[in-house]
Amino acid sequence: MVLAQCGGSTVPRTWQNELETHEVLVVVAQIFLDLILHARLPLSSVNLLIIDECHHATGSHPMREIMRAYENLKQHSPDRLPRIMGLTACVVHRKCKRKDVLKYMESLEAAMDCALVTSTDPVTVLKYTTGPKEKVICYHTEIITSDYQETVKAQLAGLEYDIITDCFINDKARKQIKKKIKNIEHIMSDLGDWCVARAIKYEIEHLDETEGMEEDPKVREILKLLKERLREVYVACELKEKCMANPLEHITFKVKRLLEIFSKCNKEVFGLIFVERRNTAKILYDLLLEIAQQNPVFSFVRPSYVVGCNSRPGIDIRLAELELRKQKETLEKFRNGETNFLISTSVLEEGVDIRKCNVVVRFDTPQNYRAYVQSRGRARAKPSVYLLMVEEARVSEMLECIGVYREIEASLQYLCHGRNLPTAEVTRKHFAEDEYIKPYEPYGHVGPKITSNSAIQLVNLYCGKLPSDKFTDNLPEIVEEVKEGIVTVGIRLPIMAPLKDMVYGSGWANKDLAKKSAALQLCIKLHEMGELDSNLRPKESNDDSLVEGLVDLPPEEPVPEGTSESGTKKRKRVYAKDLCYPFSNVHGRTYCLYSIDIKPFGQTDQSVTIDSSACINKIGFICKEGLVCSPFPLFFSKWGDVMVNVKEVGPLTDLDTSLFDKIKKFHRLVFESLIELKENLINFDPEESKWDAFVVPLDFSEIIDLDILNEMYSLDSIKPVMMRSHNQSTKFVRSKYEDALIYPLYGIPSDQMYYVSQIFDELNPCNTFPQGKKGYESYEKYFLERYGLEIKDKNQPLLEAKHIPKELNYLKKIPKKTKEKKGNLVPHFVPEFCGLIPLRASLWWQIMCMPSIFHRLNSFNLMHEFITETKITSPAVKNKVLDFSWTRKFIHELLGSSENAVPIFLERKKQEYIHPFNMLHAFTLKEASEDKDFNLERLELLGDSFLKFVTGEALFLRDESCHEGRLSQSRGKLVCNKTLFRLACKRGLEGKIAAKVFNPKKNGYMPGFRIKVEFEEILRSLEVPHDFWHQVPNSVKNVGDLKEVCITVFY
């Protein structure tokens, strides 16, 4: 259906926008009818209405209802009528004789208020049509039925008798059972033994799909019993048919005749096979596919099938969408040539664009003139044939039908010339014949209305919008009462509807009219209750009147075209990580010096244990004042675990420019070497960097060690690759190699560092080299032969050195790695061929902890600032060790061992203090979890429950007359991802989330460093993952969940 651009009438804003933007709208008839009836797009706003396939304008079809609205408008405002043009290939919609053609023509003219016309030059028209050759293909009648089919028919007959003879079965259930049995028997006789089990399986699957759609609960139970009995028969049939290896031996004459048609086709032919039933299409497809796979002569046959979508009210929308998607994919494959024979029901006779076909086969005879004409018109290729398959006994009947169809064509060609428009009296009488029930027009004839034909659809639409879950069937209950031939129907809405009473219509001799009357009365009741809006449509779920004022929501941001809506998993965004105030360079505070005490805890039998109290130097940092902290652990896979405690030494009142430059130089050198930053991508730019914290070396008295700063200030890098040189002194000085960091001056250049674990005074380069894959006489020979290096000092001791690990995330607790197996050789180094890093190994171990320490301190202080800004609890920080299992201990302390736990919890739940680490628990996603239980998943459960409770309580008390279903919907509007996301962004929570596992080299903080501006633009344009340039991607859902888990921590 095509609508020309409208003008002149008042139209709702959304459709007015469409009409102002587009000159032509293409919609299906039902949608256009809804727009007219509910006054969303008045018919008077249309200039030209083109109705395709207008032969459907009969009975209660939407096209005829549109023309009924046209007739009503004609009576009240004839000057505002649109022009009408109908298009059809077959005026006659059903079986008829030639003498009845004129009657159907006049009926269609009255319905469309127009005169039928056709081409005045049919000879010229035929030049542009294919004109396929028509042939009737006969096949033998199946006289003898196989023993297998007789057995199955007997089982089905017994099954049918057992169920139908039940006295509680009504006519409706009896008809459905008979129909299912008849469908199976039809496949047996039509396709053969090989298809029997598949026919039964098809009916079982169809019963599964439609189980919850039956309105009558008694009928549902009966159909469930039928499904169970059919499954028993199916099991036996499946075993029998496994013995049928080749389906060619177990098919009917009809299928064999179809295969003969295939054998006469060349491999480039494309064909359509029309069948009457949906199950025939599916099972014939299975049969042809199996035949093509097992028989090389038919290997060119690549079948597929299309059966359309079930339009029955109550059909699961997901099943309908799946069926439509499959149909689209199937047609696309046929269009592309992936399949060459398409089996279809009447769905492809009209209204669907498909490729040109050489062969069109009517596997089942056409039921009427329309089916004959429309299916024949699908043979549009040149050359093409139209084949009608018919049983031998019915050939004469088929030929007689074809003769009638051709007479109808000739009559139409003769009659569709010089016809006059129907008079106003004729059209009025045509529609008055079936206007038994007056429409509901509360706003007058120009406003929205509900007709008897639209009432049932409106009731189903209303039920579909009621709150539901997987355990709820939102189907109305329908009861029928018959007294003296008069039928009265009552309808009761599902339990979630506010209208609880059964609503009855007026009595009618016709059951359909009785049902329409009841549906119309129900719609009137719903409108009077306020359940229908001013357009007589169910009130949309976006009616926010009940929740207005409960929460101060920020305005919704516009959704860019082509992106998903906010609050969905499909909409992902990137947020910059937040920095706490002491680490940020935007706050003009004074610098403070902080020292870091690192002490071992737990098992201390590891090869390396970091203990700052036992070192000559310790590490510290400077940042803005106001940093808060509690002791927290760090975990190592090979070394001993440690406890970190950050202490404020005091403000830096004597921080001059010279000292500050040296501190920044020291910081740059250690981080460049530690994180292995790429200098071509990242700059050290403290003034422009967001971070304003710098690592400094401290002596034992917690004063900045100027000796180390001065020594480092003269260097350009401490990376081994940059410092590598062969011009070192050959004289061994023991003090230089104790607690030293070294790197080899030979071999392939690398930034790998080693720490000296032992000096072997009893070994020297002349000692025997350990046996390996290739033996060497001594260390001296090894270096000479392998690297061409001659050792000058033959008496220098050898060094045992182990590599510095590359892993820098020490926040995640991981199991210890097993000790080195016996026999594994620790590398021995010759001092003469080793370079020295101007930092002690014990200090470097502490420096390695700094990315993890900075990460923990920033997260900790962000949570402290959040608690302070929201004024939830006291801002004071208790100096207690961070505990990953705090939730379990906290709840245990609240509840104790009492059985009556709920009252105790409610009495003790108010907390005067929330530790920032506990709040961090609520901001940590599962993907970033540092401990198996340290993430928001379990807290979200409690937070979600609490939010739903307090929101439900507020809504319940706000409007005591509101139905519980509407209360649930309103609560869902507030406690949902979209709303929580907007509230979380309003609070600025998105940048505080820990979304990824901490990895200093990918997503860690880089104090003083920033990505070069030109590279940042390139990275954004190339959509390089943001993990590599220090921003965190979060899904909208994760941000929304944050609100829920925060509530848990608060309470």
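Residues are classed as buried under 20% relative accessible area, exposed over 50% and partly exposed in between, with a 1.4 Å probe and protein chains only. The structure is a predicted model, in which local features need pLDDT of at least 70 and side-chain atom pairs count only at pLDDT 80 or more, while totals for chains, interfaces and linings use all residues. Numbering starts from 1 along each chain as its sequence is written, and side-chain values use heavy atoms, with hydrogens and water left out.

Of the 1051 residues of the protein, 48% are buried. The protein has 32 helices and 27 strands, taken as DSSP runs numbered from the N terminus (helices H or I, at least four residues; strands E, at least two). With contact defined as heavy atoms within 4.5 Å, 77% of the contacts between residues at least 6 apart in sequence join residues at least 24 apart.

Angles are taken between N-to-C directions, from 0 to 180 degrees, using lines fitted to C-alpha atoms, for helices over the stretch in contact. S5 pairs with strand S10 (residues 385-391) in the parallel sense over 7 bridges, and Cys-138 lies opposite Val-390 in S10.

The 17 residues of H11 reach 25 Å from first C-alpha to last, close to the 24 Å expected at 1.5 Å a residue, the expected span being 1.5 Å times one less than the number of residues. The buried residues of H11 are Asn-279, Thr-280, Ala-281, Ile-283, Leu-284, Tyr-285, Asp-286, Leu-287, Leu-288, Ile-291 and Ala-292. Their cover includes helix H7 (171-191), helix H8 (196-209), helix H10 (253-263), S6, S7 and S8.

Another open sheet has 5 antiparallel strands in the order S17-S18-S15-S16-S20. Strand S17 (632-634) and strand S20 (694-698) are at its edges, and neighbouring strands are turned by 40° against each other on average, direction ignored. S17 and strand S18 (residues 642-651) run antiparallel and are joined by 3 bridges; Leu-634 has Val-642 of S18 as its bridge partner. Helix H18 (residues 657-675) packs on the sheet and touches strand S15 (591-600), strand S16 (618-624) and S20, its direction making about 100° with that of S20.

A nonpolar core is a set of buried Ala, Val, Leu, Ile, Met, Phe, Trp, Tyr and Cys residues joined through side-chain atoms within 4.5 Å. The largest has 92 residues, among which Phe-583, Phe-621, Leu-634, Phe-666, Leu-839, Trp-844 and Ile-853 touch the most other members. Apart from neighbours within four places in sequence, Ile-853 contacts Ile-596, Phe-632, Leu-634, Val-644 and Val-646. A second, separate core of 64 residues includes Met-244, Phe-262, Ile-343 and Val-361.

Note on methods
Two strands pair if DSSP finds at least two bridges between them.
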